[in-house]
Amino acid sequence: MAKKNYYEQLGVDKGANEQDIKAAYRKSVMKYHPDRFATKPEPERKKAEDTFKDINHAYDVLSNAEKKENYDNYGTEEGPKYNGGAGGFDGGFGGFGGFEDIFSQFFGGGGSGRQGGGRSTRTMPVNGDDITMRLDITFEEAIHGCEKTVKVYRTEKCADCKGLGAKDPSKIVDCNVCHGSGVVTAVQNTIFGRQTVRTKCNNCGGKGKVITEKCGTCRGTGIIKKERTIPVAIPAGTDNNQTITYYNEGEAGSNGGANGRLIIIIVVKEHDLFERDGNDLYINIPITISDAVIGGKISVPTTGKNISLTIPAGTQSDTKFRVKGYGVKYLKKDMKGDLYVTVEVEIPQKLNSKQVKLLQEFEASIVAKQYDSKKTFLSKWINK
Ligand SMILES: [Zn+2]
Ligand SMILES: [Zn+2]
């Protein structure tokens, strides 16, 4: 597709006068300004950007008497080429900075930025940042719950001026430059003539108000840095890496924005004996051969009092017993998980000769069917 000519790009007839061209240009700029496409999908944005460049270039030519004449007569803004001829045209358009300059004159520099020139962001409410902290607790503290504190160094709204930044409210007055509007109108001389531009008032930063006497505590910022000790209630059953969030306890918001959150990540120290999986606890306990063979009662630690666990006669090593309700409390239910006890039969070492003799006598008394696993194993092996 052939590229549109400059007149078509601006949507005007070839005979259009200076005023028509300017009006058409402004309309097109409004329509295709990158700010309007900042959140659009990439292809649409790219297309608008190209169109925007085209209309700016078209206007650059058509708004300049010399370039326009060249374009009208020769179809190019550079005019006729004189190969090796007189250098009269070299730099002949000096004084006009070209496309980039025009661009920046219109849009206060960086026309493609998302925040267009003159648009104020300083008076918009800004929420405070979140503060994230780590809090280490013991295994037992997590199981039973506890009260802790954290030290937070954060920004806060100044209490002396209630965040206003002024010594007292009467020291806040309308800005005498913008008369309270936060916006000033400036007239700029550009190559298009005099342009009226509305920009943020520098005197008041766009707020429309100025402080005649600042608060001494915050020096007019309305915000101070404070170290605070924040109590943290850790509920029974809290698990490793759980977070506790306190709304409003983070960094101070500004211009009426909300404070950030204080997010506390709980790190639970590992226990020497227990392992935790959700609300269940796991423990390995060594037992004697005698306990395993004859059976007996063993003492088992829990997160509370010790309990007594009955080991039945003939218990094999690595047998797991479930002790119901001796696990960890559920955070939102009045019930607990379970405790799983795995017994490990320990083989005694360094027997003396008397013990060896007793064991040999014992072994000799055993009949084949008393070793269940061995019997099964042998039957499979011999039949092969
Ligand atoms: Zn002002
Ligand atoms: Zn203050």
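This is a short tour of a predicted model, stop by stop.

**Before you start**

Residues are numbered from 1 along each chain as its sequence is written, and chains are lettered from A and ligands numbered from 1 in the order in which they are written. In this predicted model, local features need pLDDT of at least 70, side-chain atom pairs count only at pLDDT 80 or more, and totals for chains, interfaces and linings use all residues.

**Whole chain**

Select the protein chain. Nine helices and 15 strands make it up. Helices (H or I, at least four residues) and strands (E, at least two) are DSSP runs, numbered from the N terminus. Of the 384 residues, 19% are buried. A residue is buried if 20 or more other C-beta atoms lie within 10 Å of its own, exposed if 12 or fewer, and partly exposed in between, with C-beta atoms placed from the backbone. Among contacts with a separation of 6 or more, 62% join residues 24 or more positions apart. Contact means that two C-beta atoms, placed from the backbone, lie within 7 Å.

Now colour by pLDDT, the predictor's confidence in each residue, from 0 to 100. The chain averages 83, and 86% of the residues score at least 70. Select residues 81-122. Here pLDDT stays under 50, and the model has 40 contacts beyond four places in sequence. Where pLDDT is low, the predicted coordinates should not be read in detail.

**Helix α2**

Select residues 18-32. The expected span is 1.5 Å times one less than the number of residues. Show side chains for I21, A24, Y25 and S28: these are buried. Look down the axis: the buried residues of α2 fall within an arc of 105 degrees, so they line one face of the helix. That arc is taken from the directions from the helix axis to the C-beta atoms. Their cover includes α1 (6-10) and α3 (42-62). Turn to the other side of α2, where Q19 and M30 are exposed.

Next, pick N64, in the loop between α3 and α4 (65-74). It counts as partly exposed, with 18 C-beta neighbours inside 10 Å.

**The largest core**

Select F139, A142, I143, I266, V268 and L339. They have the most contacts inside the largest nonpolar core, a set of 17 residues. Such a core is a set of buried Ala, Val, Leu, Ile, Met, Phe, Trp, Tyr and Cys residues joined through C-beta atoms within 7 Å. Two or more residues come from each of α6 (139-144), β9 (262-268) and β15 (339-345). The largest share, four residues, is from β9. Zoom in on F139. Beyond four places in sequence, F139 contacts V268, K269, E270, H271 and F274. A second, separate core has 13 residues, including L10, I21, F52 and A58.

**Loop residue L164**

Select L164, in the loop between β2 (146-157) and β3 (172-174). Is L164 buried or exposed? L164 is buried, with 20 other C-beta atoms within 10 Å. Apart from residues up to four places away, L164 touches P169, I172 and G222. N255 lies 91 residues away in sequence but 9.3 Å away in space, C-alpha to C-alpha.

**Last stop: α8**

Select residues 353-365. These 13 residues reach 19 Å from first C-alpha to last, close to the 18 Å expected. The number buried in α8 is zero, so this helix lies largely in the open.
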